[in-house]
Amino acid sequence: MSRIISIERKILEKNDIVAARIRQRFAGQNVVVVNIMSSPGAGKTTLLEETLKKITSKKAIGIIEGDIATDNDAQRVEKAGASWVVQINTGGACHLEAGMVEKAIETMPDTIRLLIIENVGNLVCPSGFDLGDDYKVVVASLTEGLDKPKKYPGMYRKSHVMVLNKVDLAPHVNVRPDDFIREALEVNPALEVFKTSATSGAGMDEWCAWLMNLRKPAHA
Ligand SMILES: Nc1nc2c(ncn2[C@@H]2O[C@H](COP(=O)(O)OP(=O)(O)O)[C@@H](O)[C@H]2O)c(=O)[nH]1
Ligand SMILES: [Mg+2]
């Protein structure tokens, strides 16, 4: 049993070394890195497509897509106007690791000021792996049910921001957005919260304004 624990620690230590390297590289270039995480289907790619349509003319945005298989999401965000896109296929792994990101950014042009990473859909593993990011965002969907922040506290504790998406479905799923937000804040009172519907456009202006005004934080 102790052997399993020490292997896990070694994997995480190796990941942290690479993440520090990524953070150092982007600190020098003043590139802000945002790591977007959620369960599968919460609406990460739709949120990114709508975000890109609104702000890509004002800022050069690079996207790294993480999925177990397919390049569907890379195609979607490319069509929506991303300046540079790489699709990572993990081939089975349920999260991205810093080594995958370091490889992906080898071809990233210097013009990119904001790099958004869409992690593999999963509410557990992605939050355990530092990708050299500055901000972690959890996209929650109202359809997941009220109990998810407390069932998956690691994800909510590690995140700086929660985007509560699919608020347009509130009448159909018996979950009030404000109740979901209260549950999430009980897990992490420091969360900054946005309420969105990526399909109707509600709340998108506030979320896009936050992204546009991001500054490189002091850690970097
Ligand atoms: N009603 C509604 N559906 C949404 C919203 N955002 C995304 N969807 C739908 O949810 C499904 C999954 O979205 P996708 O962006 O692929 O999720 P991802 O797996 O987190 O990237 C798609 O059918 C989207 O059209 C939303 O705000 N409201
Ligand atoms: Mg997606």
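Q: Helices (H or I, at least four residues) and strands (E, at least two) are DSSP runs, numbered from the N terminus; with that in hand, where does lysine 166 lie?
A: Some bookkeeping: residues are numbered from 1 along each chain as its sequence is written, while chains are lettered from A and ligands numbered from 1 in the order in which they are written. This is a predicted model, where local features need pLDDT of at least 70, side-chain atom pairs count only at pLDDT 80 or more, and totals for chains, interfaces and linings use all residues. As for lysine 166, its place is the loop between strand 6 (161-165) and helix 7 (170-173).

Q: Buried or exposed: which is lysine 166?
A: A residue is buried if 20 or more other C-beta atoms lie within 10 Å of its own, exposed if 12 or fewer, and partly exposed in between, with C-beta atoms placed from the backbone. Lysine 166 has 26 C-beta neighbours inside 10 Å, so this residue counts as buried.

Q: What is phi of lysine 166 near?
A: Lysine 166 is a residue other than glycine, and its phi is positive. The value is near 65°.

Q: How far apart in space are aspartate 71 and phenylalanine 26, C-alpha to C-alpha?
A: Aspartate 71 lies in the loop between strand 2 and helix 3. Its 15 C-beta neighbours inside 10 Å make it partly exposed. Aspartate 71 and phenylalanine 26 are 45 residues apart in sequence, and in space their C-alpha atoms are apart by 25 Å.

Q: And what separates alanine 93 from lysine 58 in space?
A: Alanine 93 is in the loop between strand 3 (84-89) and helix 4 (98-104). It has 16 other C-beta atoms within 10 Å, so it is partly exposed. Alanine 93 and lysine 58 are 35 residues apart in sequence, and the C-alpha to C-alpha distance is 34 Å.

Q: Which residues does isoleucine 61 touch, leaving out those up to four places away in sequence?
A: Isoleucine 61 lies in strand 2 (residues 61-67), and with 24 other C-beta atoms within 10 Å it is buried. Two residues are in contact if their C-beta atoms, placed from the backbone, lie within 7 Å. For isoleucine 61 that gives Leu52, Thr56, Ala82, Ser83, Leu114 and Ile116.

Q: How far in space is aspartate 67 from threonine 90, C-alpha to C-alpha?
A: Aspartate 67 is also found in strand 2 and counts as buried, with 20 C-beta neighbours inside 10 Å. Leaving aside neighbours within four places in sequence, it is in contact with Asp73, Asn89 and Val120. Threonine 90 is 23 residues from aspartate 67 in sequence, and in space the distance is 6.2 Å.

Q: Roughly parallel or roughly perpendicular: how does helix 2 lie relative to helix 3?
A: Helix 2 (residues 44-55) and helix 3 (residues 72-79) pack at about 20°, with their axes 8 Å apart; axes are lines fitted to C-alpha atoms, for helices over the stretch in contact, and angles run from 0 to 180 degrees between N-to-C directions. Angles under 35 degrees count as roughly parallel, over 145 as roughly antiparallel, 65 to 115 as roughly perpendicular and the rest as oblique. Helix 2 and helix 3 are therefore roughly parallel.

Q: Which residues of helix 3 do Thr45, Leu48, Glu49 and Leu52 meet?
A: Those four residues belong to helix 2. On the helix 3 side, they meet Asp73, Arg76 and Val77.

Q: At what angle do helix 2 and helix 9 pack?
A: Helix 9 covers residues 204-212, and its axis is 10 Å from that of helix 2. Glu50, Thr51, Lys54 and Ile55 in helix 2 meet Met204, Cys208, Leu211 and Met212 in helix 9. The angle is about 70°.

Q: Which residues come nearest to ligand 1?
A: Helix 2 supplies the largest share of the shell around ligand 1, three residues. A residue is near a molecule or strand if its C-beta atom, placed from the backbone, lies within 6 Å of it. Of the 16 residues around ligand 1, the nearest are Gly43, Lys44, Thr45, Thr46 and Ala198.
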